[in-house]
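Me: Hi! Could you walk me through this structure? I'd like to go piece by piece.

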Amino acid sequence: MVRAILQGYWPQLLVLQTLNIIAYLLGLLSPFVLQRVLVFQEAQNSHKNLSSDVATKGFVAVGELISLGVFMLFFNAQVALYKERLGVRFGGALKGALVARGVEGLTRQPGEDTQTGGNGESAIYNIISFDIGETV
């Protein structure tokens with residue numbers, strides 16, 4: 001089942017992992033922007049007149065830090081939403097496969113292809129034995 005999920009949803013999983021990597025890299029930008037803010041704060045605390053260039057760089061760094069924080073908030077929320085959407089799709093696909101096998105009366109035991117219930121009725125589908133049957 002895991003192989004089927006990977007074969008069916010690999011583009012979505014690739015996009016999700018790419019978004020996670022982008023979110024991580026954007027999180028790494030925060031200390032660099034914070035460093036520029038702290039340099040501005042130290043220059044301001046020295047009680048000397050700041051040139052307009054230094055003050056402008058400082059205020060730009062503060063704006064960048066705030067903007068990065070707000071952007072990361074929205075970006076991480078969108079990544080989480082996309083992750084949940086994929087989770088719903090995966091869950092629906094797995095539940096559909098489970099119901100289809102249960103209705104058809106198919107179970108997969110180690111060493112067997114298919115099996116119906118003892119009297120020709122649908123057998124109960126054991127998803128645990130189906131998942132680990134080949135690896136045990």
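Reply: Happy to. One term first: helices are DSSP runs of H or I with at least four residues, numbered from the N terminus. In that numbering, isoleucine 66 is found in helix H2. Keep in mind that this is a predicted model.

Me: Thanks. How many helices and strands does the protein chain have?

Reply: The protein chain has three helices and zero strands. Reading from the N terminus, the order is α-α-α.

Me: Back to isoleucine 66: is it buried or exposed?

Reply: Isoleucine 66 counts as exposed, because its relative accessibility is 54% and the cut-off for exposed is over 50%.

Me: What about isoleucine 66 and serine 30, how far apart are they in space?

Reply: From C-alpha to C-alpha they are 9.8 Å apart, while in sequence they are separated by 36 residues.

Me: Ok, on to H1. Where is the kink in that helix?

Reply: H1 covers residues 2-45, and the kink lies at tyrosine 9, shortly before proline 11. The bend there is about 80°.

Me: And what follows H1?

Reply: Histidine 47 does, and its phi is positive, near 60°.

Me: Which residues of H1 are buried?

Reply: They are Ile5, Tyr9, Gln12, Leu16, Ala23, Leu26, Val33, Val37 and Phe40.

Me: Now aromatics. How many aromatic pairs are there?

Reply: The structure holds three. One of them is tyrosine 9 with phenylalanine 90: the ring centres are 5.0 Å apart and the planes are at 65°, so this pair is edge-to-face. Tyrosine 9 sits in H1 and phenylalanine 90 in H2 (residues 52-104), so the pair ties together parts that are 81 residues apart in sequence.

Me: Are those two buried or exposed?

Reply: Both tyrosine 9 and phenylalanine 90 are buried.

Me: What else is phenylalanine 90 in contact with?

Reply: Leaving aside neighbours within four places in sequence, phenylalanine 90 is in contact with Ile5 and Leu13 as well as Tyr9.

Me: And phenylalanine 71 with phenylalanine 75, why is that pair stacked?

Reply: Their planes are at 25°, with the ring centres 5.7 Å apart, so the pair counts as stacked; the cut-off for that is under 30 degrees. Both residues lie in H2, four residues apart, about one turn of the helix. In general, an α-helix has 3.6 residues a turn, so residues three or four places apart point the same way.

Me: How accessible is each of phenylalanine 71 and phenylalanine 75?

Reply: Phenylalanine 71 is at 43% relative accessibility and counts as partly exposed. Phenylalanine 75, at 17%, counts as buried, because buried means under 20%.

Me: Switching to charges, how many salt bridges are there?

Reply: There are two. Arginine 36 pairs with glutamate 64, and the closest N and O atoms are 3.0 Å apart. This pair links distant parts of the chain, with arginine 36 in H1 and glutamate 64 in H2, 28 residues apart. Arginine 36 is partly exposed at 41%, and glutamate 64 is partly exposed at 32%.

Me: Which residues form the other salt bridge?

Reply: Aspartate 53 and lysine 57, with the closest N and O atoms 3.8 Å apart. Being four residues apart in H2, they are separated by about one helical turn. Aspartate 53 counts as partly exposed at 46% relative accessibility, and lysine 57 counts as exposed at 53%.

Me: Last one: what share of the protein chain is buried?

Reply: Of its 136 residues, 21% count as buried. The accessible surface of the protein chain comes to about 10,000 Å², with 64% belonging to carbon and sulfur atoms. As for contacts between residues at least 6 apart in sequence, 60% join residues at least 24 apart.

How values were computed:
Residues numbered from 1 in each chain as written. Predicted model: local features only at pLDDT ≥ 70, side-chain atom pairs only at ≥ 80, totals over all residues. Heavy atoms only, no water. Bend = angle between axes of the 7 residues up to and from the residue. Helix = DSSP H or I, 4+ residues; strand = E, 2+ residues; numbered from the N terminus. Buried < 20%, exposed > 50% of the residue type's maximum accessible area, 1.4 Å probe, protein only. Contact = heavy atoms within 4.5 Å. Areas by Shrake-Rupley, 256 points an atom, 1.4 Å probe, with all protein chains shown as cover. Phe/Tyr/Trp six-rings, centres within 6.5 Å; stacked < 30°, edge-to-face > 60°. Salt bridge = Lys/Arg side-chain N within 4 Å of Asp/Glu carboxyl O.
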